[in-house]
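Please consult the sequence and structure shown below while reading.

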Amino acid sequence: MPEVENADAPPASAGPGEATDATPPGDAADTRDDSDDRPRGPMIEGGREAVVIGATIDGFAAAILMAKAGVDVVLVENDLRLVPNEPRVPASGFAQDLEDAPLSNLDPHLVKDLGLSRRGLSFADRRLQTVYLLSDGAAYRSDGDLPGLADLELTASAEADAETTAAERQDAQEGGAPVEGEEAPRTGSALSAEDRRTCAAFMERLVDAAAAAEAIVAGDAPEKARSQPRAHASDDGARLLTASLEEYLASGGLHSVFRDVLAAEASLVSATRPDAPLSAGALALRLFGVSLGRRGALAFPKGGVRGLSAALRRSAQAAGVDIRPVGAIDRLLIERDRIEGVSFSDGGQIRAPVVVDASSARQAFLDHVGRRALDIDCGFRWERQSPSIGALRASVAFNPNDGDARRGGVDERPRYVVAPTLSETLAAHAAVAGGKEARQTVAEALFVNDRIAGSAPKGGAAITVRCAPFPRPGEEADEAWRSAAERAIKEALGRIDPSLPGRVAGMAYDWTPLADPAAIEAANARLASAGSGVIGHYFCGREAQLGVAMSGRAGRLAAARAIAFAKERRR
């Protein structure tokens with residue numbers, strides 16, 4: 001590996017106002033002559049043990065755990081954080097964050113280790129109920145734990161909406177041919193005892209397979225497989241990672257209701273077509289880890305992601321982490337293949353032998369470390385193009401002072417999932433991949449006005465929506481993309497209640513990537529976690545974790561490695 005020259009290293013004799021490794025920054029500041037009004041250069045601060053880049057959940061987790069282990073840590077806040085400084089304003093009087101979404105993978109052990117409950121983290125919902133809205137107009141309610149899918153309760157029959165559903169289907173197909181292989185309209189009805197037994201057995205196998213798959217991608221399959229209750233769990237885990245979702249669901253003999261619901265949950269996690277190899281791994285990603293101790297459950301923090309961010313910040317401050325708002329990162333300072341610190345765009349530096357980077361892999365490796373310090377394979381891996389298919393996410397506002405009619409008297413407690421038929425989901429992926437607008441996307445919606453204080457004025461309602469699959473916008477989202485986005489959002493709202501689209505006061509939206517297949521996610525995570533090869537450099541960005549759900553595990557792993565390195569240096 002070639003040596004990277006550090007052109008910004010401080011001179012042997014530091015000038016007035018500059019801190020070196022031998023001079024604490026506070027002492028250096030005290031030596032300044034206030035009567036000297038000559039321009040002063042940027043601060044060069046030395047003597048720190050570690051710098052963490054990025055105020056993400058993994059960045060905070062790494063910084064807190066390192067500080068609790070006795071490492072002197074500076075966490076630099078650039079534009080990389082859990083939520084922006086200010087929330088979006090979809091309409092006057094509303095304030096919402098597009099990052100708000102149910103949590104599926106927040107490790108309870110990490111919550112305890114970081115002390116988040118003591119620092120204000122609480123939950124508006126520890127187990128979100130879900131209402132699945134099917135294409136035929138039927139609605140089924142779940143208690144919120146995906147492994148308990150067999151207990152779905154029919155809450156609305158398709159018969160009441162048969163005429164509306166038929167008219168909507170006719171409108172959707174007007175001027176175009178039906179989707180190839182599309183299923184005939186169904187009528188919602190109570191699921192039979194045999195349907196439920198079949199689903200319960202399938203979900204039991206799926207949960208075991210997901211646990212085995214998690215062990216496989218973590219690299220400890222033999223040990224974990226022996227702990228599985230089923231003898232062939234490891235083989236089932238491998239099959240879950242490699243099969244297509246369509247094939248995997250068909251093998252279970254499931255009623256179409258269960259099949260469509262699972263396909264919808266998978267589509268909210270991964271952008272991979274359900275008929276493509278490896279796509280069944282999306283179910284593994286949905287079931288990886290636990291949410292507050294329950295696999296497959298969903299929770300929502302009080303105050304949303306901003307409430308989680310505030311608890312992380314308070315915990316970091318209590319642990320002694322030095323949190324610094326900074327400008328852009330220029331590059332890492334590297335000498336003889338060793339980390340020496342971080343250089344900022346204003347010319348300032350923080351000198352430290354350890355850097356933990358929570359940026360994207362492209363930023364962390366190609367921009368911060370630099371191509372000259374990377375081997376060819378590592379550099380090539382992170383040069384890849386950004387994904388073109390992901391999810392549309394939106395914050396939608398409904399005006400106050402309109403009584404219950406403002407949103408049709410809809411129940412605001414559950415999470416809503418619009419679950420098209422599997423063939424409709426396949427058609428949506430084909431349309432988006434071909435550059436066309438999907439007729440029907442999977443959608444997830446959650447009212448947040450009673451879960452996030454200040455998100456809506458008194459009497460108003462605020463809802464967060466995600467639609468997938470959805471194409472990535474260009475550099476500047478054009479009118480056609482924005483129109484398609486608003487149609488998709490209103491279509492999802494209309495499935496919850498027909499009156500909702502006409503009562504929207506405003507909306508804000510953007511696009512976010514979804515996960516690759518679990519097998520590819522695992523390969524990327526192993527490569528990213530291995531780091532750049534530069535001594536003292538550790539990575540805990542998005543690519544070091546499995547899936548897009550916030551878990552903090554990448555930060556924990558990076559912290560463990562950084563702590564071991566820091567302790568070794570002290571000997």
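Arginine 466 is located in strand β17; helices (H or I, at least four residues) and strands (E, at least two) are DSSP runs, numbered from the N terminus. The model is predicted: local features need pLDDT of at least 70, side-chain atom pairs count only at pLDDT 80 or more, and totals for chains, interfaces and linings use all residues. Residues are numbered from 1 along each chain as its sequence is written, and side-chain values use heavy atoms, with hydrogens and water left out.

**Surroundings of arginine 466**

- Arginine 466 has a relative accessible area of 19% and is therefore buried (under 20%; exposed is over 50%, partly exposed in between; 1.4 Å probe, protein chains only).
- Setting aside residues up to four places away in sequence, arginine 466 touches Leu268, Leu392, Arg393, Val442, Ala443, Glu444 and Leu514, a contact being heavy atoms within 4.5 Å.
- Leucine 392 lies 74 residues from arginine 466 along the chain, yet their C-alpha atoms are separated by 5.4 Å.

**Strand β16**

- Six of the six residues of β16 (residues 442–447) are buried.
- Val442, Glu444 and Leu446 point one way from β16, while Ala443, Ala445 and Phe447 point the other way.
- In a regular strand the side chains alternate between the two faces of the sheet.

**Strand pairing**

- β16 pairs in the antiparallel sense with β15 (residues 415–419) over four bridges; pairing requires that DSSP finds at least two bridges between two strands.
- In this pair, arginine 415 stands opposite leucine 446.
- β16 also pairs in the antiparallel sense with β17 (residues 461–471), over six bridges, and phenylalanine 447 stands opposite isoleucine 463.
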